[in-house]
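Good morning, and thank you for coming.

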There are 2 protein chains.
Amino acid sequence: MKGKFSILSFALLSCLGATAQQAIWGVPPFMTPEVNPDQTVTFRFASPAAKSVMITGDFLPPQKIQTPYGVFDAPGYASLQKNGEVWEYTTTVLSPELYSYSFIVDSVKMNDPVNVHQIRDTGTITNIFLVTGNENDKDNVLDYAVQDVPHGMVSKVWYHSDALAKDRRLTVYTPNEYMQGNKRYPVLYLLHGMGGDENAWSELGRATQILDNMIAAGKIEPMIVVMPNGNADLQAAPGESSLGFVPPTTQLPRTMDGSFSAAFPEIVNFIDSHYRTLTDKADRAIAGLSMGGCHSKFISLNYPDLFDYIGLFSAAVTQHSESKSEIFQNEEQKVDALFAKHPKLYWIGIGKDDFLMEENKAYRALLDKKGYKYTYVETPGGHIWRNWRIYLREFLPQLFRK
Amino acid sequence: MKGKFSILSFALLSCLGATAQQAIWGVPPFMTPEVNPDQTVTFRFASPAAKSVMITGDFLPPQKIQTPYGVFDAPGYASLQKNGEVWEYTTTVLSPELYSYSFIVDSVKMNDPVNVHQIRDTGTITNIFLVTGNENDKDNVLDYAVQDVPHGMVSKVWYHSDALAKDRRLTVYTPNEYMQGNKRYPVLYLLHGMGGDENAWSELGRATQILDNMIAAGKIEPMIVVMPNGNADLQAAPGESSLGFVPPTTQLPRTMDGSFSAAFPEIVNFIDSHYRTLTDKADRAIAGLSMGGCHSKFISLNYPDLFDYIGLFSAAVTQHSESKSEIFQNEEQKVDALFAKHPKLYWIGIGKDDFLMEENKAYRALLDKKGYKYTYVETPGGHIWRNWRIYLREFLPQLFRK
């Protein structure tokens, strides 16, 4: 019994549900974006009728924008040129990186209808593409492209928080070898920033790919990585809780009031009782970006026996809230108590243009005054995911070395 | 130490990376879509400059479209009305369902920039929203909204296929209680259609929510559900393999040539050796939609001792390829051999307007002629996810009843 449809027609017909027409006659005769062999990238957009098509993205020379909080770099713009019915733009040579972009068609900002690869950062979705570098130059291949190496398992796991009175979702990475044996592993707790959730590090941060690739290359120890949701009022990422499909920007309250930090040992207990973990202080690390850096700082200060490795990535090192929580009290004494226990690594990284630079300087001045040892890394740019991916790759090889 | 920024300004500044401007001054003063208490839905789009804003979606009266393969229903269109700077459209009362839509702004099709809830079906991304029904009428609440019930774990897991010579990705659902004890569970293997991948059933199919809700309501047995990638040439969903960010439509070859079906016992072996499964035929089910229905049919015919429950959802019951694979040979004898072993359930469901109706009729005629017992369900509509979600909810309660 053979059917009368070809595979291709069958595939097209299979798409006939909600999205019919585009699947049948919308298939454009081009790739976009196309990463060229010389590491330039060509974008294409089909529209005979549009009067103007522009592109904006983080690979274009930035422009200064004035905000109530100062002058910041924002992504630049470029114009696509019309070539028949297809508009085109080719970039200069781009260094290996994950980039994002949107089109602006006759003044309307929109995503590339041909590129299904998108990413959400808080309330904004943009298209993404990867420039992976030269395959013949292994040191130049991007650590956060998917490579043909053994892959870890990524799970969405729910735990119950008594303190926050709800079931809450975590992302858990276990290394590829975890499923094969009975070994126990050290654990890194990796925390997102404001507007983020338990998906942020694995999606925007490419943590899964970075871990897979660095473990396969022998650059880091195999480890479990736990990425919780740091918004104390929430159960899970947008759309993943009984709140339904509400906008992420309605989900910000109670993020930095100390309640997530105070409740953190529940997460450690849950992980230690459901995964094959090593449970010494020397086998636990905590790191976070921005708000997650604030969490990492205050969790480690308030629970100084939990973590021997602490990473503050572009961290909000000051309190940033009116909370009277015990978590924020007697900070200097807590710093003294933490360093008296000689953490193996206290790592601080921040971008030169980060709006949190001043408070980081003040915190480092405190540590310097007291003679407490920490590692400090300063990178170009500001408060952006590119930096946090760099910091993760700097931080990981320093963990759990015996 | 308190910072000088308010939580809100801090949140906005945190978004300053690739997506700066929209996060700072693009936040619109409205909800869209807004599901009203009477189950109408209002859509809004901000543009003072647009000349025309339309909406297309599967909740609008369909329009007939002529294709080379016949006349099909496609989503209808409606116009938004300009009200100041905001365009608006309100639907009629909608029954509880997951719906999808796109805007068409001055002839350019685009997604709703304010709604981050989107879904990818093969090469098309559309916005989605849920009408969940009346909370006071529990039987009327949509089984595939996230409800406040214990949630299962969803994992992306890699296994090695010797037959297909690659590492490949699976989605595995384990019920909430799986982590709490040492019980063993029955397993449903749930297969996607052409253009789909290991993410399709959990995303488009809402399988995670359906399982959580039906297990919590005591309507189904707690079970493990395994959702493999049915494209024999591929390792994983778009963007998740070392192919990089290539378009899904380039990923269709070698889907229905028998190689995935022939290699299927490797997946069963992997699951049985890495999860706490029950391994009797009576504790295993297989079901799939469209191409996955083809796979389910031929896997169960060729390995008649593996599954006691078989579900063909809008299935491509004929071969649909030129393959000479052994998998497709001697079909009628294999049907005889399968039914001689008395499967507990052979379930066939299809939409009245499905383009695969004729071949399903022919296959049912064969079963009828031979007097083989099967369950048959016919629903309105065609080859669409709405039907597959309905079939999953019909199929699940019939599995693993002792």
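In chain A, residues 24 or more positions apart account for 72% of the contacts with a separation of 6 or more; a contact here means heavy atoms within 4.5 Å. The model is predicted, so local features need pLDDT of at least 70 and side-chain atom pairs count only at pLDDT 80 or more, while totals for chains, interfaces and linings use all residues. Residues are numbered from 1 along each chain as its sequence is written, chains are lettered from A and ligands numbered from 1 in the order in which they are written, and side-chain values use heavy atoms, leaving out hydrogens and water.

Chain A contains ten helices and 20 strands. These are DSSP runs numbered from the N terminus, with helices being H or I of at least four residues and strands being E of at least two. Of its 402 residues, 64% count as buried. Buried means under 20% relative accessible area, exposed means over 50%, and partly exposed lies in between, using a 1.4 Å probe and protein chains only. Chain A exposes about 15,100 Å², of which carbon and sulfur atoms supply 51%; such areas come from the Shrake-Rupley method with a 1.4 Å probe, and for residues only the protein chains shown count as cover.

Let us turn to one helix. Why is helix α4 of chain A, residues 207–216, largely enclosed by the rest of the structure? The reason is that nine of its ten residues are buried. Among them are Ala207(A), Ile210(A), Leu211(A), Asp212(A) and Met214(A). The buried residues of α4(A) pack against several elements of chain A, including strands β13 (153–161) and β14 (166–174) and helix α10 (385–395). Just after α4(A), Gly218(A) takes a positive phi of about 70°.

I now come to the salt bridges. A salt bridge is a side-chain nitrogen of Lys or Arg within 4 Å of a carboxyl oxygen of Asp or Glu. Over all chains, 37 salt bridges are counted.

One of these joins Arg44(A) to Glu34(A), with N to O at 2.9 Å. Arg44(A) belongs to strand β2 (residues 41–46) and Glu34(A) to strand β1 (residues 34–35), ten residues apart in chain A. Arg44(A) is buried at 14% relative accessibility, whereas Glu34(A), at 29%, is partly exposed.

In chain B, Asp143(B) forms a salt bridge with Arg393(B), the closest N and O atoms being 3.8 Å apart. Which parts of chain B does this pair tie together? Asp143(B) lies in the loop between β12 (124–131) and β13 (153–161), and Arg393(B) lies in helix α10 (residues 385–395), so the bridge connects parts that are 250 residues apart in sequence. Asp143(B) is buried at 12%, and Arg393(B) is partly exposed at 23%. Salt bridges with shared partners also join Glu34(A), Arg44(A) and Glu88(A) into one network.

A further salt bridge in chain A pairs Glu326(A) with Lys334(A), N to O at 3.8 Å.
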